[in-house]
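The following paragraphs lead the reader through one protein model.

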Amino acid sequence: ARDCGVIKRRRLAAGVMALMLTVVHPAVVQTALAGGGTREDSVTLRREQVEFDLWCSTMASTLFLQMFRMSKPLFMKLVDIIRADVATCDWHATCATGRAVPVEVKLGITLRWLFGGSYLDACAMFRVAESSMIMWRWAIMRALYKHLHVRMPTDQATLLRYNADWLRKQAYQVFTGIVGAVDGILIKIRCPSAAEAAKPAKFWCRKGYYSVNMQAVVDAHGRFIFVAVDMPGSSHDATAFRYSELYRHIEQGVYDGFYFLADAAYRCVGRMLTPFVGALTDEQSVFSFFHSSLRVTVERSFGQLVARFGILWRPLSCAHRRVPLVLNVCCALHNWLLDNNEPIILQPPSGRNSVRQHERPYLNADDVPEDMLPDNDADVQGGRRLSGMEGLRDRLAREMFHDRIMRRPYTRGDAVARGAAR
């Protein structure tokens, strides 16, 4: 019985091997049927790679721009930036093709994956094995993160430069201490396993899918200057922001004298300047209008990010621990393309796979983290306690309406009247 089992296993292995040889290369089967041949007559199976320079020369510039979201010279510039950090000795590819995969091919396949293309199609286009791509894809991502990493500035010179950029965007230049605009966005992910997250259910957001809450800050040009992916999708924007590194820097007084624009999902405390909500006076309405006209920069940046990087159109299928790396690299590439004046090629998805949270005020103090509540030494005005930022908001509203706006009379009633006239 034991000999019969051994014979059956050998016959099965021989059948599988014959099938593999037939599928991989018919010349091997022909050589075996002809009598085996000598060592010199054996067929060497090697995958012929595509020469990237030759491939680029045959492609139109517009098609290259659509595929990689950047021009050919800018692509080669990015290759030179990461070349030293990408291993040139790829033993797996060397065994299959006779030589290592060029850095240009590695970067091209990784970018196609980030911009929404299938890595299988990219591997077939450049004739690279899928197993090789999986091995060095994350090496490319780490190299991009190293050289293009989004860093929140803390030095006064950079903060003053960011503030000057925001001042140039304002007609009345009332907001004199802006560093950036803050907001959160929900990014779809696959359901994390119990080994990846202690409580996978926390990643189920109120929109009805698994996601992570990404907090970001942008400058006046729409560049991301801070990205935090620390909290699951069920977290409120204010809670996610509280656990970010930026909030710790604010508590340490790094940004004293400056402030960040935020929507009504955040509290007007710390260094966060939010709009008025509820029944508004003319002063408050004017303030909220101009506040929103500046804060919308972060909304526009989120829209460009999602439309440009097709990997965000569907749930991220990578390991949960790699999600922050993917999002940071996407934001860093977005900044790099803006810095190099590349045109924005937008290909929005058919459905809203990545949706930002609705702006909504807190209904009661129980919804607000304790650390985000007003300080005890806040000023008292009109029978209620005001935090330092709320006092600043009221002062800016009065100054904006009486000292600046009244020079060119424009009130909430005028806007309604103009709308009715149209």
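In this predicted model, Ser301 is found in helix α13, which covers residues 282-308. Is Ser301 buried or exposed? Its relative accessible area is 2%; because buried means under 20%, Ser301 counts as buried. When residues up to four places away in sequence are not counted, Ser301 touches Val218, Gly222 and Phe224.

The chain as a whole gives the setting for this residue. Its secondary structure comes to 16 helices and seven strands. The chain has 422 residues, of which 47% count as buried. Of the contacts between residues at least 6 apart in sequence, 69% join residues at least 24 apart.

How do two packed helices come to be described? Helix α7, residues 103-114, packs with α14 at an angle of about 100°, and their axes are 12 Å apart. Angles of 65 to 115 degrees count as roughly perpendicular, and α7 and α14 are therefore roughly perpendicular to each other. On the α7 side, Leu111, Trp113 and Leu114 take part in the meeting, while α14 contributes Val326, Val329, Cys330 and Leu333. By class, this contact of α7 with α14 has seven nonpolar residues, no polar residues and no charged residues.

Leu111 also has contacts beyond its sequence neighbours. With those within four places left aside, Leu111 is in contact with Phe68, Met70, Phe75, Leu78 and Leu333. One of these partners, Leu78, lies in helix α5, residues 72-82. Leu78 has 0% relative accessibility and therefore counts as buried. Apart from neighbours within four places in sequence, the contacts of Leu78 are Met70, Leu107, Leu111, Leu144, Leu148, Leu333 and Trp336. Leu144, one of these contacts, is 66 residues from Leu78 in sequence, with a C-alpha to C-alpha separation of 8.8 Å in space. Leu333 is in contact with both Leu111 and Leu78, and Leu333 belongs to the α14 side of the contact with α7.

Key. Residues numbered from 1 in each chain as written. Predicted model: local features only at pLDDT ≥ 70, side-chain atom pairs only at ≥ 80, totals over all residues. Heavy atoms only, no water. Helix = DSSP H or I, 4+ residues; strand = E, 2+ residues; numbered from the N terminus. Buried < 20%, exposed > 50% of the residue type's maximum accessible area, 1.4 Å probe, protein only. Contact = heavy atoms within 4.5 Å. Axes fitted to C-alpha atoms, helices over the stretch in contact; angles between N-to-C directions. Parallel < 35°, antiparallel > 145°, perpendicular 65-115°, else oblique. Nonpolar A, V, L, I, M, F, W, Y, C, P; charged D, E, K, R; others polar.
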